[in-house]
Amino acid sequence: MSQESAERSVDLRDVGDHVRLFGTFDRNLTALEATLGVSLHATDDRLVIAGEPAAVARAERTLRALVAAAREGAQLTPDDVVVAAGDRSGEVPRTLLRTGRGRDVRARTPGQQRFVDALLSATVAFGIGPAGTGKTFLAVAAGLRALKDRRVSRLVLARPAVEAGERLGFLPGDPKEKIDPYLRPLYDALHELLDDAVATKFLERGTIEVAPLAYLRGRTLAHAFVILDEAQNATVEQMKMVLTRLGEGSRMAIVGDITQIDLPEGTLSGLLDARERFAGVPEIAVVELGETDIVRHPLVAAIVRAYAERPAHGRRAR
C-alpha cells in the first residue's frame with residue numbers, strides 16, 4: 001500500500017441486521033463511497049475502508065457513528081449517511097420524532113440539520129428557504145416532540161391568509177369553513193406525523209390549535225410551541241405582533257420562502273425585515289436553507305433554480 005493510501009476496518013459485530021446499516025442493495029455504502037471518495041469492502045464481521053488517509057479517517061469516524069445508530073435499531077438511509085459525513089463530528093442525525101406509522105423523522109441534509117439544531121436549542125428559530133426544503137414539516141415535528149416531552153402544553157400553528165386579505169367574510173360557510181383552505185398545509189403536516197385519531201383528539205381538545213395569523217392578536221401564548229408558516233406573507237407589523245405573543249415557557253418557529261412573497265407591491269415582508277433585524281441576537285437563530293436542502297421530487301430543485309435564474313417577464317424580481 002502506498003504512502004498516499006490507507007486502510008482501516010470497523011467492527012460490525014452486534015449490528016444485527018446489516019441492512020439497517022448498509023441500506024437496501026447497499027445504498028448507504030454507495031452513498032458513503034461517493035461522498036467521501038473511499039472504497040468499502042464488507043466481510044462477515046468487519047467493514048474495510050481504503051483510500052486517501054484523511055478520507056479514510058473521516059469515513060471511519062462516520063461509520064462508527066452509523067454502526068452505533070444501527071446497533072440501537074435505527075433504520076439508516078443514504079440521507080443519514082450524507083448528513084453524518086458532512087458533520088464535523090460525524091454524528092448521525094438524531095430522530096426528531098417517530099410517527100404513529102413507525103417512520104423516523106430526521107434531518108435529511110446538512111441545512112436541515114442546522115435548522116433542527118436551531119429548533120431544539122433556540123427560543124425563536126427562523127427557517128428561510130425555497131419550497132421543498134422541509135421547513136414546515138420539521139417545525140411541526142419539533143413542536144410535536146416538545147409536546148410529547150411535556151416541555152410545552154400546546155402547539156399553535158398559524159398562517160397569514162393573504163389571498164383573502166385576512167377578510168374572510170365574503171367566503172361561504174362558518175368561520176372554520178372559511179379559513180380551513182388557507183390552513184390545509186398545516187393540517188396535512190399534522191396528519192402525516194400523527195395517527196388521524198390522535199390528531200383529531202388533539203385538535204378537538206385544543207392541545208393543537210390551527211389558526212390564521214390575525215387570530216393571535218391580543219393573546220399571550222405561554223407554555224406553547226408556536227409555528228408561523230408562510231411568514232414571508234406577514235407584514236413587519238404582523239411579525240412584531242406574533243413575536244411579542246411569546247409567553248413564559250414558550251418557543252417559536254418562523255418559516256417562509258422569501259422568493260414567494262404575495263404582499264401588495266411596496267409592502268415590506270416581515271420575514272425579510274426580521275432576517276436582518278435579528279441576526280446575531282441571542283436566543284434567536286436564523287437558518288437559511290437552499291437548493292441542496294430540497295427533499296421533494298428531484299425536479300423541484302431544477303424548477304426552483306429556473307425561477308431564481310429567470311424572473312417572470314414584466315415583474316420586479318423580489
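Q: How many bridges join β9 to β10, and in which sense do the strands run?

A: Two strands pair if DSSP finds at least two bridges between them. Here four bridges join β9 to β10, and the strands run parallel; V226 has M252 in β10 as its bridge partner. Strands (E, at least two residues) and helices (H or I, at least four) are DSSP runs, numbered from the N terminus. The model is a predicted one, in which local features need pLDDT of at least 70, side-chain atom pairs count only at pLDDT 80 or more, and totals for chains, interfaces and linings use all residues. Residues are numbered from 1 along each chain as its sequence is written, and side-chain values use heavy atoms, with hydrogens and water left out.

Q: Which other strand pairs with β9?

A: Strand β7 (residues 154–159) pairs with β9 in the parallel sense over five bridges. L157 stands opposite I227 in β9.

Q: Are the residues of β9 buried or exposed?

A: Buried means under 20% relative accessible area, exposed over 50%, and partly exposed in between (1.4 Å probe, protein chains only). Five of the five residues of β9 are buried. A224, V226 and L228 point one way from the strand, while F225 and I227 point the other way.

Q: Where does T235 lie, and what is it in contact with beyond its neighbours within four places in sequence?

A: Contact means heavy atoms within 4.5 Å. T235 lies in the loop between β9 (224–228) and α9 (236–243). Leaving aside those sequence neighbours, T235 is in contact with L263, T267, L268 and G270. T235 is buried, with a relative accessible area of 18%.
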